Amino acid sequence: MKPIISVIVPVYQVEAYLPHCLDSLCRQSLPDIELILVDDASPDRCGAICEEYAAKDSRIRVFHQPENRGLSAARNLAIRNAAGDYLMFVDGDDWVHEDFCKAAYECAQQHHADLVMFNYVHVRKGEKGDASQRKAFRSFTEGCKTKEESLDMMLADGGNAAWNKLYRKELFKDVTYPEGFLYEDTGATYKLVFKATRFYFLDQVLYYQNIRPDSITTSKVTQKVLDDRATLNIQRYRDLTSWGFRSEMLEYRFLSFAMWYCMHQKRDMSNPDYIYLSRALRSCRQVPQAFTSKKRYALWLFKHCPWLIDLFYTIKGREVI
């Protein structure tokens, strides 16, 4: 039978976590799914683990990349080969609720939504092996959202991720994940949310994000992190504003990123990203209400005494390598 949902799992250097992830997917309460595992030339046993699970479950399809091409390329390969009417994503070091697929799909059917975003928890293990959990989206109410509300939710902390959503496959008709970039979700999620004709937020925890100390989001700020995040955030801001979307949340997220970038990136007036973001900060007339007093003071310093704030962060250490 044709699967209802294609669940896409990019796999790279997650040998210790992958069995837990795949076990949670194989136990799904909705049987009519396919699991597409993309081994991105992982140097550990991930490829072999994928094949072992495929031998036990006929719903699993495995693709092996001949060379490491990154998360975006793995997702794009799986999307091109997906047979389901809907797509969902899971990172190989995370795991999901047994109703991960069923609850999201039934919500989409009941509310005629072509994009459903659901709640999740951050799971962080301590030094003694104990785990703490923190639920995301604690300030949002369940229900259908307008275009403006859905975009604001996407811009909120955690809303940009690929994996806490169910998508109608047609949304990806002319959208791909940008290859060669870190933080690739920033370059695609807003396009999918904007294209959605009906967006629903399901306030049910269906996904468990494993916060690892060696993950991309917790690693040191490298020059590539700075360059990639600047390119993707600037493009997102330009696109959304050109499409007529303006909101307090958009300005807050963009200016917050601009502050972070300019305080980590050495002043370089030959760098077009630095020029664009520093000008955005200096031309800011109305400070977003969500800015803390510390951020307001830092913004004032940046606008009036940029050399001082640059000296402060140089002494403090940017940890850019």
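**Exercise 1.** Find which residues A103 is in contact with, leaving aside its neighbours within four places in sequence.

*Solution.* Contact means heavy atoms within 4.5 Å. The model is predicted, so local features need pLDDT of at least 70, side-chain atom pairs count only at pLDDT 80 or more, and totals for chains, interfaces and linings use all residues. Residues are numbered from 1 along each chain as its sequence is written, and side-chain values use heavy atoms, with hydrogens and water left out.

**Exercise 2.** Decide whether A103 is buried or exposed.

*Solution.* Buried means under 20% relative accessible area, exposed over 50%, and partly exposed in between (1.4 Å probe, protein chains only). A103 has 13% relative accessibility, so A103 counts as buried.

**Exercise 3.** Describe the surroundings of H122.

*Solution.* First, the relative accessible area of H122 is 16%, so H122 is buried. Next, not counting residues up to four places away in sequence, H122 touches S132, Q133, R134, A136, Q209 and I211.

**Exercise 4.** Compare phi and accessibility for Q13 and A41.

*Solution.* Start with the background: most residues other than glycine have a negative phi. Phi of Q13 is near 50°, a positive value, and phi of A41 is near 55°, also positive. Then take accessibility: Q13, at 44%, counts as partly exposed, and A41, at 27%, counts as partly exposed.
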